Amino acid sequence: MFLERIVARTREDLVQRKLTQPLAEVQRLAATQPEPRDLLSALRSQASVRLIAEVKRASPSRGLLAPDLDPLALARTYEAQGAAAISVLTEPHFFLGSPDYLTAIKRAVSVPVLCKDFIVDEYQVYEARAWGADALLLICALLDERQLRHLLSLAHVQGMQCLVEVHSREEAERAVAAGAPLIGVNSRDLVTFHMNPHLIRDLRPLIPADRIVIAESGIHTAADARRLARYDIQAMLVGEALVISQDVPGQMRALLQGANEDVQVKICGLRTSEHLQTASDAGADMLGLMFYEPSSRYIAPQQAATLLMDTSFASQEENRQAQPDLVGVFVNKEADFINDVAEQVGLHFVQLHGTEPPEFCQRIKRPVLKAIHMGAGEDREKIKAYEQAAWRILLDTPTTGWGGSGRQHDWDRARSIAQETRILLAGGLTPENVGEAIERVLPWGVDVSSGVETGGRKDAQKIQAFIEHVRTRRM
């Protein structure tokens, strides 16, 4: 296994390094370094998702990535293009990294520099500080609870922050319990090197809101970054996609735009495998299933579960490929019923479209998307009441029934709300007007159902056109 080989080689090297340069000497060199730059503040300083750009020559799974890598030139490009911090591989055998890269980069840039290595001994903490590191990586899989707490505390005494990396529920819980302020969720299994692109979705609810969450691995496109933004991360750490790019500035812009500017698309009221697949293939971010029985778009929970198994989603999950999130729409149903359906169908989010009060949202075991029908003057008070309990707010137009009206918004009023709250805009959206709606309102996402139907049935061409108009509106 790669991990066992890497750690074994790391320990062998440590024996030699300790003989060559005793701990007391490394501690003395560490003490001569200027005060570390604050990675925590760098990632908290803006509301947007930040980018930690990595200098990485090779990897065990992919081999040599960038044979002509110029670490200094690349680091300067990263900083010039808005990287909040720079991660530097220092492991020499499997990643072809070097402490010399870190020291030189630290002198060449003004943003925090993270030492990324396989740290298993306190000697390495002092060593990283002596090289000039402002922060370092601690991998939960390599450390027991005592070791994690000790190395985390030691780094903090040195003035350094730690990115504590997790790969499972148990590791996430340990990182939280240890008080780690920066928690990285690595979607790549360190043993098999297989990817689980939805690990961040599964682990995010375990991490308190006062921690900084960083997504790691498998981030190559704007769509990847847009998906991660759904899970309220504060930063993404990207290496391979940058070092192999022929246009590093363009790649960085695409990732930052995907995370911070691209609009999320939800296609709601889907009832057939064909239309589920069409929406997924066209790039929808969320697929809505209607569990409100009076609706013409109603689908029974068992039918929905069977439908999803009959689509290619099942095989996609086995292959660990990214897929849209599933949203179940409910109207004034009991919490136990909603939670049971969410489990049965495999929902990732729950949309409440009735008169459910804020406290009801907290009884739902999935993140809640709360629909609010814009009324006359009471919208802001409603939204303020729901913001602490709901994951997102969906703004819909007034209706005498439930489940969507199909009528267009007062976009100016919606924009004033979107300036303060991350909203999904619904009501009267079509392929023809969605581009204008986005430019006028600037919503976090858009939600459509009847606007992509013909004769009361989903229209594959309209679904494709709607998503295409969202994605290409800047062109």
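**Close-up 1. Helix H6 and the second largest cavity.** Helix H6 (residues 122-131) contributes four residues to the lining of the second largest cavity, the most of any element. Helices (H or I, at least four residues) and strands (E, at least two) are DSSP runs, numbered from the N terminus. The structure is a predicted model, in which local features need pLDDT of at least 70 and side-chain atom pairs count only at pLDDT 80 or more, while totals for chains, interfaces and linings use all residues. Residues are numbered from 1 along each chain as its sequence is written, and side-chain values use heavy atoms, with hydrogens and water left out. On a 1 Å grid over the protein atoms alone, a cavity is a set of points where a 1.4 Å probe fits but cannot get out; a pocket is an open set with protein on both sides within 12 Å along at least five of seven lines; and lining residues have an atom within 4 Å of a point. Grid points are joined across faces, edges and corners, and a volume is the space filled by probe spheres set on the points. The lining of this cavity has four nonpolar, two polar and three charged residues (Ala, Val, Leu, Ile, Met, Phe, Trp, Tyr, Cys and Pro count as nonpolar, Asp, Glu, Lys and Arg as charged, and the others, Gly among them, as polar).

**Close-up 2. The largest cavity.** Two cavities of 30 Å³ or more are present in the structure, and the largest has a volume of about 400 Å³. Its lining comprises 26 residues, with Lys56, Lys116, Asn186, Arg188 and Ser217 closest to the centre. Strand S6 (135-139), strand S10 (235-238) and helix H11 (240-243) are the elements that give two or more residues to this lining. By class, the residues that line the largest cavity are 11 nonpolar, seven polar and eight charged.

**Close-up 3. The largest pocket.** The largest pocket holds about 970 Å³ of space. Of its 30 lining residues, Arg204, Pro205, Asp232, Pro367 and Trp391 lie nearest the centre. H9 and strand S16 (392-396) each supply at least two residues of the lining. The lining of the largest pocket consists of 13 nonpolar, five polar and 12 charged residues.

**Close-up 4. The second largest pocket.** The volume of the second largest pocket is about 630 Å³. It is lined by 26 residues, and those nearest its centre are Ala47, Ala259, Asn260, Arg422 and Trp444. Two or more lining residues come from each of helix H3 (39-44), helix H12 (248-260) and helix H20 (434-441). The lining of the second largest pocket divides into 13 nonpolar, six polar and seven charged residues.

Close-up 5. The whole structure contains 27 salt bridges, each a side-chain nitrogen of Lys or Arg within 4 Å of a carboxyl oxygen of Asp or Glu. Glu145 and Arg149 form one of them, with their closest N and O atoms 3.4 Å apart. Both residues belong to helix H7 (residues 145-157) and are four residues apart, about one turn of the helix. Glu145 is partly exposed at 48% relative accessible area, and Arg149 is partly exposed at 37%. Buried means under 20% relative accessible area, exposed over 50%, and partly exposed in between (1.4 Å probe, protein chains only).

**Close-up 6. The salt bridge between Glu453 and Arg297.** The closest N and O atoms of Glu453 and Arg297 are 2.7 Å apart. Glu453 lies in strand S19 (residues 453-454) and Arg297 in the loop between strand S12 (286-290) and helix H14 (301-310), so the pair ties together parts that are 156 residues apart in sequence. Glu453 is buried at 10% relative accessibility, and Arg297 is buried at 16% relative accessible area.

**Close-up 7. Arg201 in helix H9.** Arg201 is located in helix H9 (residues 199-203) and is buried, with a relative accessible area of 12%. Its side chain makes polar contacts with the side chains of Asp325 at 2.5 Å and His348 at 3.1 Å. A polar contact is a pair of N or O atoms within 3.5 Å; within protein, one must be able to donate a hydrogen and the other to accept it, and residues adjacent in sequence count only if both atoms are side-chain atoms.
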